Amino acid sequence: MKRLACEMCGSNDLVKQDGVFVCQNCGTKYSVEDAKKLMIEGPVEVEGKVEVTGTVKIDSEDKLQNLYQIARRAKEEDNAENAANYYEKVLEYDPNSWEASFYVVYFKAKQQKVMNIQMAAKSVTNCLDSVIKLLKQQLENELDLGQAIKEISDKCKYLCDLLITASRSNFYENDLKTHCTNVEASRDILYKLGNLIDSNFDLGVFSEESVSLWKKGIEIHNSILPFLSEKNSNQYVIDIYAKKIGKYDEEYYKLYSNSQNITNLTKERENLKNKKESLVKQRNDLNERITSLEKDVGSGTFVGRIIAGICISIVGFIFASLEYPGLNFFGVSVLCIGIGVIIYAISKMVKRKQQNEKISSENVKLEKIDADIKQIESNIKEVEDSIKDNKINQYISGDKN
């Protein structure tokens with residue numbers, strides 16, 4: 001004699017409860033009529049003996065509903081392995097099920113090891129096109145459609161947080177590049193789903209979900225922006241999604257614009273301060289150079305030295321012209337000294353002229369630097385006033401941080 005066997009899991013442990021037979025292994029329920037169909041032939045022992053004769057056969061629609069029941073129970077219990085397995089069985093009977101198509105990928109992604117975070121995130125992103133297409137085909141009622149979209153959206157946000165948390169715990173300190181790659185892949189789930197919801201349904205009927213996904217995507221994107229090599233292109237992407245949000249939430253975009261203006265103005269102010277600091281250093285260096293040049297030039301009149309040199313040379317020439325050998329030698333020596341004085345005085349005059357020209361040139365540079373510093377100080381004040389105005393606008397708009 002053969003025992004009653006569950007069509008879903010093959011277990012013989014079925015107990016009659018509240019008028020139905022319940023599989024104690026997988027929880028599938030059978031009516032008395034369905035239980036009869038499960039028997040090939042012979043008596044069945046279920047809290048006593050029940051004689052059932054018939055063919056083992058269960059309607060495919062009933063089997064599908066049972067699979068959905070088991071899969072959904074596993075989903076509610078967050079049993080990723082069982083949920084993925086039973087949703088895969090659902091697809092065998094209902095290959096166009098949006099629910100099974102999404103949750104098979106979703107629960108498999110949850111089971112991936114930390115080394116495969118990027119792959120897990122991409123698998124979810126890649127399935128979204130077909131899931132939304134199936135969703136649109138199968139659900140016509142707007143309420144049901146809205147509930148399904150919110151369910152997918154909530155699950156994607158949760159998975160995104162889960163993957164990013166796992167990545168941060170394992171890679172943030174030891175491998176920042178891998179962490180950023182994982183975060184980008186996780187963020188793309190949200191950007192992609194928001195785009196699909198926005199483009200597949202008319203008049204932004206589910207725009208609230210798109211906006212929510214984009215906002216979270218921007219928040220995640222900003223968290224790794226300082227670590228990304230191509231900051232400008234990434235900031236451009238963030239700006240694009242902020243504008244998308246602005247179609248449905250003008251206040252958000254206004255706050256975002258103010259925040260971006262404050263960020264950009266703050267950077268500009270820092271750049272101006274750095275430029276001013278550099279110019280002040282140049283000015284100090286010039287002042288030192290001018291002081292040094294003025295010291296080198298020295299004081300005194302070189303004309304007097306030249307005249308003195310000429311006089312000494314004349315005296316030397318006179319003595320050198322005398323026929324007395326001793327005086328002759330003395331005269332030549334004096335003449336040489338006089339000529340040396342004249343040459344030294346002339347060379348110092350030339351050097352003073354060159355130094356004065358340099359001092360004049362350096363003073364011109366100094367004047368220009370002073371003018372530039374004043375202009376930068378004026379620009380810094382304008383920027384600080386603009387920052388203040390943007391912060392006031394931000395406060396008035398509702399962001400009191």
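**Exercise 1. Find the residue in β2 that stands opposite Lys-16, then work out the sheet around this pair.**

Step 1. Lys-16 faces Phe-21 of β2. This is a predicted model, in which local features need pLDDT of at least 70, side-chain atom pairs count only at pLDDT 80 or more, and totals for chains, interfaces and linings use all residues. Residues are numbered from 1 along each chain as its sequence is written, and side-chain values use heavy atoms, with hydrogens and water left out.

Step 2. Count the bridges. β1 and β2 pair antiparallel over 4 bridges. Strands pair if DSSP finds at least two bridges between them. Strand β2 (residues 20-23) is joined to β3 by 2 bridges, also antiparallel. Val-22 has Lys-29 as its bridge partner in β3.

Step 3. Check the turns. The β1 and β2 hairpin has 2 residues between the strands, and Asp-18 there takes a positive phi near 50°. The β2 and β3 hairpin has 5 residues between the strands, and Gly-27 takes a positive phi near 90°.

**Exercise 2. Describe how α4 packs on α6.**

Step 1. Take the geometry. Helix α4 (residues 98-110) and helix α6 (residues 142-171) pack at about 10°, with axes 11 Å apart. Axes are lines fitted to C-alpha atoms, for helices over the stretch in contact; angles run from 0 to 180 degrees between N-to-C directions.

Step 2. Classify the angle. α4 is therefore roughly parallel to α6. The classes are roughly parallel under 35 degrees, roughly antiparallel over 145, roughly perpendicular from 65 to 115, and oblique for the rest.

Step 3. List the residues. Those of α4 include Trp-98, Phe-102 and Tyr-106. Those of α6 include Ile-152, Cys-156 and Leu-159. Contact means heavy atoms within 4.5 Å.

Step 4. Sort them. The contact has 11 nonpolar, no polar and 3 charged residues.

**Exercise 3. Which residues have the most contacts inside the largest nonpolar core?**

Step 1. Tyr-87, Phe-102 and Cys-156 have the most contacts in this core of 75 residues. A nonpolar core is a set of buried Ala, Val, Leu, Ile, Met, Phe, Trp, Tyr and Cys residues joined through side-chain atoms within 4.5 Å.

Step 2. Look around Tyr-87. Beyond its neighbours within four places in sequence, Tyr-87 contacts residues including Ala-71, Tyr-103, Val-104 and Phe-107.

Step 3. Find the other core. Apart from the largest one lies another core of 13 residues, among them Leu-272, Ile-290, Ile-373 and Ile-380.

Step 4. Buried residues make up 38% of its 401 residues.

Conventions. Buried < 20%, exposed > 50% of the residue type's maximum accessible area, 1.4 Å probe, protein only. Nonpolar A, V, L, I, M, F, W, Y, C, P; charged D, E, K, R; others polar.
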